[in-house]
Amino acid sequence: FNNLGAHNISSRISSNKPAGLLGVNIGPNKDTNDRLNDYLIGLKNFYKICDYITINISSPNTEGLRDFHDQNKLEELLAALNQIKKQKKTNISLLLKVSPDINVNDISEIADTAIKNDISAIILTNTTNKNRDNLLSETKKEEGGLSGKPLQQISTIMIKKFYKELKGKIPIIGVGGVSSGKSAYEKIIAGASLLQLYTGLVYKGPLVAKKIKKELIQILKTEGISNIKEAVGKDV
């Protein structure tokens, strides 16, 4: 992850704390000799100054990072992070950000490991390395994960599958191609309790959130749903 490092960023946040909720995304350095320890350093640096920490095991841009989806490696990582929480006497929420490109057979193991290790929410999903053949632009050959439209359906399908496995024990944060009330609603009825967006902000600016909210309210009215909680997992 290209930045000036955990110490620099934690100092910057401490000197100018933002209003509202602050989440920090942690992961290992590309050239590290101990990836697990890098996560622990991230937690130690940020647990006092943020509201939640996302454990990123799913960026396609760091070689080997997705190896942490392996059940044994994931168990070791989450257990080590929870040990730091215990030592520091903190209840900081830990969220797990999962890849959309995992094997379907791994979903139940990841869900079970997350439940066992008190993960507060699962973010579905990070960007994808797949679906390039369906793109028209020549830039599809560039390296790096695809977000936005190419990710939209892939992440929604993954939300449905995890929702069935989690059975309400851990909430899902849906992300990937959310840029309208319709795309937001699709994530919610697939099982997402919360939503995140990034590509939509790039193309439509911050007011897209207001637009999504307005369109989503209209969809709920049309569907005869009085509370958005009633829509979570409705399509599963």
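Asp-70 caps the N-terminal end of helix H3, with a side-chain oxygen 3.2 Å from the backbone nitrogen of Asn-72. That is a polar contact, meaning a pair of N or O atoms within 3.5 Å; within protein, one must be able to donate a hydrogen and the other to accept it, and residues adjacent in sequence count only if both atoms are side-chain atoms. The model here is a predicted one, so local features need pLDDT of at least 70 and side-chain atom pairs count only at pLDDT 80 or more, while totals for chains, interfaces and linings use all residues. Residues are numbered from 1 along each chain as its sequence is written, and side-chain values use heavy atoms, with hydrogens and water left out. Helices (H or I, at least four residues) and strands (E, at least two) are DSSP runs, numbered from the N terminus.

Leu-74, Leu-77, Leu-78, Ala-80, Leu-81, Ile-84 and Lys-85 are buried in H3, where buried means under 20% relative accessible area, exposed over 50%, and partly exposed in between (1.4 Å probe, protein chains only). These residues sit on the same side of H3, because they cover an arc of only 155 degrees around the axis, taken from the directions from the helix axis to the C-beta atoms. An α-helix has 3.6 residues a turn, so residues three or four places apart point the same way. On the face of H3 turned away from the buried side are the exposed residues Asn-72, Glu-76, Lys-86 and Gln-87.

As for what covers the buried residues of H3, the list includes helix H2 (35-46), strand S2 (52-56), strand S3 (93-98) and H4. Contact here means heavy atoms within 4.5 Å. Just past the end of H3, Lys-89 takes a positive phi of about 55 degrees.

H2 deserves a look of its own. Its 12 residues should span 16 Å at 1.5 Å a residue, and its end C-alpha atoms are 17 Å apart, which agrees. Leu-36, Asp-38, Tyr-39, Leu-40, Gly-42, Leu-43 and Phe-46 are the buried residues of H2, and they pack against helix H1 (6-15), strand S1 (23-26), S2, H3 and S3. Take Phe-46, which lies in H2 and counts as buried at 5% relative accessibility. Leaving aside residues up to four places away in sequence, Phe-46 touches Ala-6, Ile-9, Ser-10, Ile-13, Val-24, Ile-26 and Ile-53. Phe-46 and Ile-26 are 20 residues apart in sequence, yet 9.1 Å apart in space, C-alpha to C-alpha.

Next come the charged pairs. A salt bridge is a side-chain nitrogen of Lys or Arg within 4 Å of a carboxyl oxygen of Asp or Glu, and the count by this rule comes to 5. One of them ties Glu-75 to Lys-116, with the closest N and O atoms 3.7 Å apart. This pair links distant parts of the chain: Glu-75 is in H3 (residues 71-88) and Lys-116 in helix H4 (residues 107-116), 41 residues apart. Glu-75 is partly exposed, at 23% relative accessible area, whereas Lys-116 is exposed, at 60%.

Another salt bridge joins Glu-186 and Lys-182, at 2.7 Å between the closest N and O atoms. Both belong to helix H6 (residues 181-190), and being 4 residues apart, they are separated by about one helical turn. Glu-186 is partly exposed at 26%, and Lys-182 is exposed at 54%. Glu-215 and Lys-211 also form a salt bridge, with the closest N and O atoms 2.9 Å apart. This pair lies in helix H8 (residues 208-223), again 4 residues apart, about one turn of the helix.

Over to the strands. S4 (residues 121-124) and S5 run parallel and are joined by 3 bridges; two strands pair if DSSP finds at least two bridges between them. Leu-124 stands opposite Gly-174 in S5. Both faces of S5 (residues 172-175) are covered, with Ile-172 and Gly-174 buried on one side and Ile-173 and Val-175 on the other.

Thr-127 lies in the loop between S4 and helix H5 (149-166) and is buried, at 11% relative accessibility. Its side chain makes a polar contact with that of Asn-126 (3.5 Å).

Key
Expected span 1.5 Å × (residues − 1).
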